[in-house]
Amino acid sequence: MTMVLIVCSIILIVVTGSLLRSMSQGSQTSGSEKSLKAWSVVNACGEYTLAQMVASSSATTTAMNWEFGSTTGMQLNVGAETCYIYPVGAGVASGSKLIKASSTVSGFTRKLQIEVATNTPVIILNSWEYVADFSN
Amino acid sequence: MKLIFNIKNKGFSLLELVLAIAIFSLSSFAIATILIDSNVNTKFNKERINALFYAKESLDAVVSIRNSSTSTESYWFTLPDGSYGLSNDNGLWSLDASPDIISDKYERTISLVSGTPTSTKDVSISIAWDITPDRPVNVSLNTVLTEWPVVTNATSTP
């Protein structure tokens, strides 16, 4: 009887361990995938905003056009995911502007902050940072 | 005359035996199923991590190809919309005309679609493979990449 109990216990431990390991790996891999997706989508928002800024300035060939997304912000669809571009604000450096974008994929959020020195005649970036939270 | 029944050595009835075999069979089946499923999931997770790595690598490679465009009407800008693969020749990435196979297992497809503004392209990277012959899966990454050299040249013109 004791032997039966010991053997059953060992089997139970092995099975439970195997199951828990599998579930843990699945959770980790799924988290990595969502985080990577959020990263690629938030990059899309950054590139899109910069492209819009440059396209606006080259179309008018006048003063810098900082108005893109400056009132309400906008949502951009990238594949099956979305990212959000916040209203463009003032950067830390004098005269610079701050682009802020974030993307959340199944609870995994990535935030991107780009400081643009100028967009006329060429666009010059002061910084391109992935942040935990926006500075202002 | 002494008549003694030894109850301890009575043995199993047929019903008990059938019940014991049924419980043992069900337990064995459940345990085997859990172990096999766990192994399949572990294999799948390992392959999915590899696929994610290949997807990230592919995205970096496409960014590198975009960044290497230097002329006014660059290679990246003139690429038609469609599906491509990737190849690496002496450390230099380039786009292939059709999806490529990595490690004889993963099929990599780079899809390019012109976006708005026209200097942008929507990029979709898909890594597809089969966990088992009848269980295909894939991971994908999507982003937007801008054609900077063209924009730079356009805006630098007075």
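**Figure 1. Pairing of strands S5(A) and S6(A) in the predicted model.** Strand S6 of chain A covers residues 124-131. S5(A) and S6(A) run antiparallel and are joined by seven bridges. One residue pair can be picked out here: A:Val116 has A:Leu125, in S6(A), as its bridge partner.

**Figure 2. The hairpin of strands S4(A) and S5(A).** Strand S4 of chain A spans residues 97-105, and strand S5 of chain A spans residues 108-118. The two strands run antiparallel, with nine bridges between them. A:Val105 faces A:Phe108, a residue of S5(A). Two residues lie between the strands of this hairpin. In the turn, A:Ser106 has a positive phi of about 50°.

**Figure 3. Surroundings of A:Val42.** Leaving aside residues up to four places away in sequence, A:Val42 touches A:Cys83, A:Ala101, A:Ser102, A:Ser103, A:Arg110, A:Lys111 and A:Leu112. A:Val42 also belongs to the largest nonpolar core, where it is among the residues that touch the most other members.

**Figure 4. The largest nonpolar core.** This core has 46 residues. The members that touch the most others are A:Val41, A:Val42, A:Cys45, A:Ala101 and B:Ala55. H1(A) gives the most to the core, with 13 residues.

**Figure 5. Contact between chain A and chain B.** On the chain A side, 32 residues are in contact with 29 residues of chain B. The greatest contribution to the chain A side comes from helix H1 of chain A (residues 2-60), which supplies 26 residues. By type, the residues on this side of chain A are 14 nonpolar, 13 polar and five charged.

**Figure 6. Elements of chain A.** Chain A contains one helix and six strands. Along the sequence they follow the pattern α-β-β-β-β-β-β. Of the 136 residues in chain A, 37% are buried. Among contacts in chain A with a separation of 6 or more, 43% are between residues 24 or more positions apart.

**Figure 7. Elements of chain B.** Chain B contains three helices and six strands. Starting at the N terminus, their order is α-α-β-β-β-β-β-β-α. Of the 158 residues in chain B, 25% are buried. Among contacts in chain B with a separation of 6 or more, 52% are between residues 24 or more positions apart.

Technical notes
Residues numbered from 1 in each chain as written. Chains lettered and ligands numbered in written order. Predicted model: local features only at pLDDT ≥ 70, side-chain atom pairs only at ≥ 80, totals over all residues. Helix = DSSP H or I, 4+ residues; strand = E, 2+ residues; numbered from the N terminus. Buried ≥ 20, exposed ≤ 12 C-beta atoms within 10 Å, placed from the backbone. Contact = placed C-beta atoms within 7 Å. Nonpolar A, V, L, I, M, F, W, Y, C, P; charged D, E, K, R; others polar. Core = buried A, V, L, I, M, F, W, Y, C linked by C-beta atoms within 7 Å. Pairing = 2+ DSSP bridges.
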